[in-house]
Amino acid sequence: MIILLQINYELLAIFSSLIGGGALGGLVSTIINRKENKRIKKSEAVKSEAEAKKEDVSAAVEMMGLLERTVSHMERMNDYNKTNSEELLKLLRDKDRINEKLRNDIKLLQLQRTEDHRRITGLEKAFDREFDWRKDSDYHYCRVKDCNKRQPPLGTFKRESQQK
């Protein structure tokens, strides 16, 4: 067992030297590589910041694309609305012009109707007068032109309107 303990002591010494030397080596390498480690950390930070900025730029580019599409869509809609509003204004003007023409035509037709009514009334009165005259003249009509009994004598019959 003593031999085993010697081997164990040796193994223990080897292990302790490795561990101690490793720790010392780690400490030495940390001190030596401190600047390089800072540069690595700094480059990693710059790299992650660059990636974040790249993502921001791609998001901004995408937003600009959306904005451009929106602007072009709005321009098309404005053109469409402008065209429609111009057509509607034209139709409104045409409607107003047609309505005014129709009002004038109605006024003219009303005047013509009034004039026609006045003429018809005048013709009715003339017809009634002529009808009355003819009834009255039936009593005074003689077919013989040179008749001495004719009342009134030929060419002397005066109608009421002629007497006034």
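**Figure 1. Glutamate 115 and its salt-bridge partners in a predicted model.** Glutamate 115 counts as partly exposed, with a relative accessibility of 29%, where partly exposed lies between buried, under 20% relative accessible area, and exposed, over 50% (1.4 Å probe, protein chains only). Arginine 119 forms a salt bridge with glutamate 115, and the closest N and O atoms are 3.5 Å apart; a salt bridge is here a side-chain nitrogen of Lys or Arg within 4 Å of a carboxyl oxygen of Asp or Glu. Both arginine 119 and glutamate 115 belong to helix H2, where they are 4 residues apart, about one turn of the helix. Arginine 119 is also partly exposed, at 49% relative accessibility. Salt bridges link Glu115, Arg118 and Arg119 in a network. This is a predicted model, in which local features need pLDDT of at least 70 and side-chain atom pairs count only at pLDDT 80 or more, while totals for chains, interfaces and linings use all residues. Residues are numbered from 1 along each chain as its sequence is written, and side-chain values use heavy atoms, with hydrogens and water left out.

**Figure 2. The salt bridge between glutamate 100 and arginine 103.** The side chains of glutamate 100 and arginine 103 meet in a salt bridge, with 3.0 Å from N to O. Because they are 3 residues apart in helix H2, glutamate 100 and arginine 103 are separated by about one helical turn. Glutamate 100 is partly exposed at 40% relative accessibility, and arginine 103 is partly exposed at 45%. Side chains of opposite charge can pair when their charged atoms come close.

**Figure 3. The salt bridge between glutamate 49 and lysine 53.** In this pair, glutamate 49 forms a salt bridge with lysine 53, and the closest N and O atoms are 3.4 Å apart. Both residues lie in helix H2, which covers residues 34–138, and they are 4 residues apart, about one turn of the helix. Glutamate 49 has a relative accessible area of 44% and is therefore partly exposed.

**Figure 4. The whole protein chain as the setting for the close-ups.** The protein chain holds 3 helices and 0 strands, the helices (H or I, at least four residues) and strands (E, at least two) being DSSP runs numbered from the N terminus. Read from the N terminus on, the elements run α-α-α. Of the 164 residues in the protein chain, 2% are buried. The accessible surface of the chain comes to about 15,800 Å², of which 60% belongs to carbon and sulfur atoms, as computed by the Shrake-Rupley method with a 1.4 Å probe. A search of the whole structure finds 7 salt bridges.
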